[in-house]
Amino acid sequence: FFLQYQRIDDEHKHLFHTIWACYDNRESSYALLNMVATMQQHFTYEEGCMKASKHDGYARHKQVHDCYMDKLKHFSVPVKDKDIKYCMSW
């Protein structure tokens, strides 16, 4: 997911680390909540950058983020394989 925007690229790496932490600690509410919070913070930042630059794809990209976050809100511990796979394939 290399985008040539250092902060966003670094955040993408961190997002994958939080997904793996959730995978490795399926019983951990902290790992799940940290993953969800990290995703939300990243999406908020990315959407802000897109909106500020008047990016043509902003509305669609925000919609994708909103759908993803809506799905994450229904995850619970222990985190299921299908939920981890969803995060990893997104």
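I began with Lys62, which is partly exposed at a relative accessible area of 27%. I am working from a predicted model, where local features need pLDDT of at least 70, side-chain atom pairs count only at pLDDT 80 or more, and totals for chains, interfaces and linings use all residues. Residues are numbered from 1 along each chain as its sequence is written, and side-chain values use heavy atoms, with hydrogens and water left out.

**Entry 1, Lys62.** I placed Lys62 in helix H3 (residues 58–72). Helices here are DSSP runs of H or I with at least four residues, strands are runs of E with at least two, and both are numbered from the N terminus. I also took the C-alpha separation of Lys62 and Asp83, which is 21 Å for residues 21 apart along the chain.

How do helix H2 and H3 pack? I read an angle of about 170 degrees for H2 (residues 29–52) and H3, with the axes 10 Å apart. The axes are lines fitted to C-alpha atoms, for helices over the stretch in contact, and the angle runs from 0 to 180 degrees between N-to-C directions. The angle makes H2 roughly antiparallel to H3. The cut-offs are under 35 degrees for roughly parallel, over 145 for roughly antiparallel, 65 to 115 for roughly perpendicular, and oblique for the rest.

I then listed the contact (heavy atoms within 4.5 Å). From H2 the residues include Met35, Met39, Phe43 and Met50, and from H3 they include Tyr58, Lys62, Tyr68 and Leu72. By class I have 9 nonpolar, 3 polar and 5 charged residues in the contact of H2 with H3. Nonpolar covers Ala, Val, Leu, Ile, Met, Phe, Trp, Tyr, Cys and Pro; charged covers Asp, Glu, Lys and Arg; the others, Gly among them, are polar.

**Entry 3, aromatic pairs.** A pair of aromatic rings is described by the distance of the centres and the angle of the planes. I paired rings of Phe, Tyr and Trp (its six-membered ring) if their centres lie within 6.5 Å, calling planes under 30 degrees apart stacked, over 60 edge-to-face and the rest tilted. The count by this rule is 3 aromatic pairs.

One of them is Trp20 with Tyr23, edge-to-face at 5.3 Å centre to centre and 85 degrees between the planes. Trp20 and Tyr23 are 3 residues apart in helix H1 (residues 6–24), so about one helical turn separates them. Trp20 is partly exposed at 44%, and Tyr23 is partly exposed at 34%.

Another is Tyr68 with Tyr86, stacked at 5.3 Å centre to centre with 20 degrees between the planes. Tyr68 lies in helix H3 and Tyr86 in helix H4 (residues 81–89), so this pair ties together parts that are 18 residues apart in sequence. Is Tyr68 buried or exposed? I have Tyr68 as buried, at 1% relative accessibility, while Tyr86 is partly exposed at 24%. Ring pairs link Phe43, Tyr68 and Tyr86 into a cluster.

My test was NZ of Lys or CZ of Arg within 6 Å of the ring centre and within 35 degrees of the ring normal. Lys71 lies over the face of Tyr86, 5.0 Å from the ring centre. The charged end of Arg7 sits over the ring of Tyr45, 3.6 Å from its centre.

Thr18 lies in helix H1 and is buried, with a relative accessible area of 3%. Not counting residues up to four places away in sequence, Thr18 touches Asn34, Met35 and Thr38. Met88 lies in helix H4 and is partly exposed at 30%. Which residues does Met88 contact, leaving aside neighbours within four places in sequence? I found Phe16, Ile19, Trp20 and Tyr23 in contact with Met88.

Most residues other than glycine have a negative phi, and most peptide bonds are trans. I noted Lys54, which has a positive phi of about 55 degrees although it is not a glycine. Lys54 lies in the loop between H2 and H3 and is exposed, with a relative accessible area of 70%. I also noted the cis peptide bond from Val77 to Pro78, with omega near -5 degrees. Pro78 lies in the loop between H3 and H4.

Note on methods:
Buried means under 20% relative accessible area, exposed over 50%, partly exposed in between (1.4 Å probe, protein chains only).
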